[in-house]
Amino acid sequence: MAKKQFKAESKRLLDIMINSIYTHKEIFLRELISNASDAIDKLCYISLTEGGVGLSRSDFKIHILRDREARTLTVSDNGIGMTKEELENNLGVIAHSGSLKFKREMDKAVEDDDIDIIGQFGVGFYSAFMVSDRVTVISRAHGQDKAYKWESAGADGYTITECERTGVGTDVIMHLKPDTEEESYSEFLETWRLRELIKKYSDYIRWPILMEVEKTEARETDEKDENGKPGMEYVTVTEEQVINSMVPIWQRSRTEVTDEDCIAFYREKFRDSADPVAVIRVNAEGLVSYRALLFIPEMAPYDYYTRDYKPGLELYSSGVLIMEKCADLIPDCFRFVRGVVDSPDLSLNISRELLQHDRQLKVIASNLEKKIKAELSKLMEEKRDRYEVFYKSFGLQLKYGVVADFGMKKELLQDLLLFVSSREEKFVSLGEYTEKMPEEQKYIYYACGETVRRAASLPQTERVRSAGYDILYLTDDVDEFVIQTLRKYNDKEFCNVTADDLGLESEEERADAEKKQAEARELLDFVKESLDGQVVDVRLSRKLKSHPVCLTTDGEITLEMEKYFRNMPGAEGDAIKARRVLELNGEHPAFESLKRAFENDRERAAKLSRILLAQAMLIADIPLEDPSEYTELVCGLF
Ligand code: ADP
């Protein structure tokens, strides 16, 4: 029979499994039981919605079978099973979430020498190879008469052949490795060891996990003693027992289940190597009764900000899984939240389309939204460092949430935002910023730049800082859109430090500035003309202190937005442009020089104008169209 080869990725994963260190091996059982439970969930759902399965809810079971002589351990389920193609695709390729994620983390861990990672989260079916030198999978899929046998002894490939199986389901048969001096694989055939593992890792599995266990029983013998009493003998009998307690963790009360238990459940179920920053437990009664166990992760999954990421909570109706990722249960702005919702009030027979419009779901979703918001606010108040860790992963998501749907969720989200403050040199919330505003401060000031350093070095920040006011540094592309959507916070308007009117001048100062501007009009017009339409205006600046020039804009489109549009795929030449304005510092020696040139040598004045514009652009982080012309101009001054 021809052997098929594993794909390269799978091979590497198998190697890791086969050679993993002993203390981690025990998790293989948890992985296989979890797969069995998922398979039963799927078939149970079909039986309740479509029917024709021939099993009722109480018929679903997971069996742990042992054959000491053959040294095999089998995990058997009567779940949905796998077709030939599914055996091939699911077990021959590591394209599956758990295993793929594991591999990525593993590659990282090998680099960092942190091999402990195996024990930390789900590694999937391949973990069977940690304890077996051969694995046989016999499976019959729901709706199929034929069963298939998948078999592999590890890295050298696998075979698939037709075989028999009574009933639908899957058996994973592990041929345990021989014992070595350090490692006893025989232990995985012992009742005490298996019981311990099931209790430790799989106690909350909702389906019964059955195992034959030996029991000593006292029995009467035929022989009688001198008093005529029958003699006793002790015999070992076997009996099938349910090993797990079967009550899902979210159905248990706070007194029974600690937050640590929930965290362990999270890491295992959602395959995260980091603890969540918050655990939310809800036990709601009322219009719709439900229980929810939610988690706010610390890290964004690698695909979080891509289309591949599928948000949603697991939805159960009295312990039966209805939907793996029900996106309608959480608003998009909180799509990073993971967890489960279980409500006895939901009917199973809702089709997936109808489910979307279900009023009950809306009630749950709107409750959860409030709970998540409250939990995040609490985290921000009470565990700021953890909140900031979270914010680094998901702050961008919150900002997108503010902007989405014309700001529908801005009220919900605005207090969860953080920006770097120029004064505090750390993250502050808008509430914290406005609280510390001096009474006369009119606006909430902000400056945009690729990095905090760039934003902080904008010449325009000087004026605001010298007035003693704090500035928020905005470094994400979406930030300016956030500000435009919010418009105000606590009745205070936002003001870009590059704005024309910073609200800092007295009446006299304003009149004085206008007078000076009028006096310099001829020179300013000359500069504008020398710049060949690159700017819409040239002005004497009211905000510059030590810098000679800066670039600002007229109208809605700012330079940051222009950069954003320019970087959009397919933008090229026709991207939206800001109306640029060149501001000159009338108090700077450079301006004096320019003035003198304007009076004595117009050609030189035109060159100086072009140099000043180039400098303003460089400071604003806008690339020069012709850097060599600029260099020539500068060198021409020597
Ligand atoms: P994961 O569980 O992360 O997807 P696994 O490697 O454990 O990765 O399993 C791969 C896939 O094989 C599963 O997604 C599932 O479709 C299928 N599978 C595994 N075990 C079973 C089983 N006992 N019954 C039915 N399908 C199974």
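This briefing covers the pockets, cavities and a few selected residues of one structure. The model is predicted: local features need pLDDT of at least 70, side-chain atom pairs count only at pLDDT 80 or more, and totals for chains, interfaces and linings use all residues. Residues are numbered from 1 along each chain as its sequence is written, and side-chain values use heavy atoms, with hydrogens and water left out.

**Empty space: the terms**

- Rolling a probe the size of a water molecule over the atoms shows where empty space is left.
- The search uses a 1 Å grid over the protein atoms alone. A cavity is a set of points where a 1.4 Å probe fits but cannot get out. A pocket is an open set with protein on both sides within 12 Å along at least five of seven lines.
- Lining residues have an atom within 4 Å of a point.
- Grid points are joined across faces, edges and corners, and a volume is the space filled by probe spheres set on the points.

**The second largest pocket**

- The second largest pocket has a volume of about 800 Å³.
- Its lining has 30 residues, and Ala 513, Lys 516, Leu 540, Ser 541 and Glu 587 lie nearest the centre.
- Helix H15 (507-519), strand E20 (537-540) and helix H18 (589-600) each give two or more residues to this lining. Helices (H or I, at least four residues) and strands (E, at least two) are DSSP runs, numbered from the N terminus.
- H15 gives the most, with seven residues.
- By class, the pocket lining has seven nonpolar, four polar and 19 charged residues. Here Ala, Val, Leu, Ile, Met, Phe, Trp, Tyr, Cys and Pro count as nonpolar, Asp, Glu, Lys and Arg as charged, and the others, Gly among them, as polar.
- Domain 3 (417-504) and domain 4 (505-638) each supply at least three residues of the pocket lining. These bounds come from an automatic or database domain assignment.

**The cavities**

- The structure holds four cavities of 30 Å³ or more.
- The largest cavity has a volume of about 190 Å³. It is lined by 21 residues, with Cys 448, Leu 458, Thr 498, Leu 559 and Glu 560 closest to its centre.
- At least two lining residues of the largest cavity come from each of strand E16 (444-448), helix H12 (452-456), strand E21 (549-554) and helix H17 (559-566).
- The lining of the largest cavity divides into eight nonpolar, seven polar and six charged residues.
- The second largest cavity holds about 60 Å³ of space. Among its lining residues are Arg 463, Asp 500, Gly 503 and Lys 543.
- In that lining, two residues are nonpolar, one is polar and six are charged.

**Helix H6**

- Helix H6 (residues 259-269) has these buried residues: Cys 262, Ile 263, Phe 265, Tyr 266 and Arg 267. Buried means under 20% relative accessible area, exposed over 50%, and partly exposed in between (1.4 Å probe, protein chains only).
- They pack against strand E9 (278-284), strand E10 (290-296) and strand E13 (338-342). Contact here means heavy atoms within 4.5 Å.
- Arg 271 follows H6, and its phi is positive, near 50°.

**Cysteines and Ser 184**

- Zero disulfides turn up in a search of the whole structure. A disulfide is a pair of cysteine sulfur atoms within 2.5 Å.
- Cys 44 is buried, with a relative accessible area of 0%. Cys 333 is also buried, at 4%.
- Ser 184 sits in the loop between strand E6 (169-176) and helix H5 (191-202). Ser 184 is partly exposed, at 26% relative accessible area.
- Ser 184 and Val 131 are 53 residues apart in sequence and 9.7 Å apart in space, C-alpha to C-alpha.
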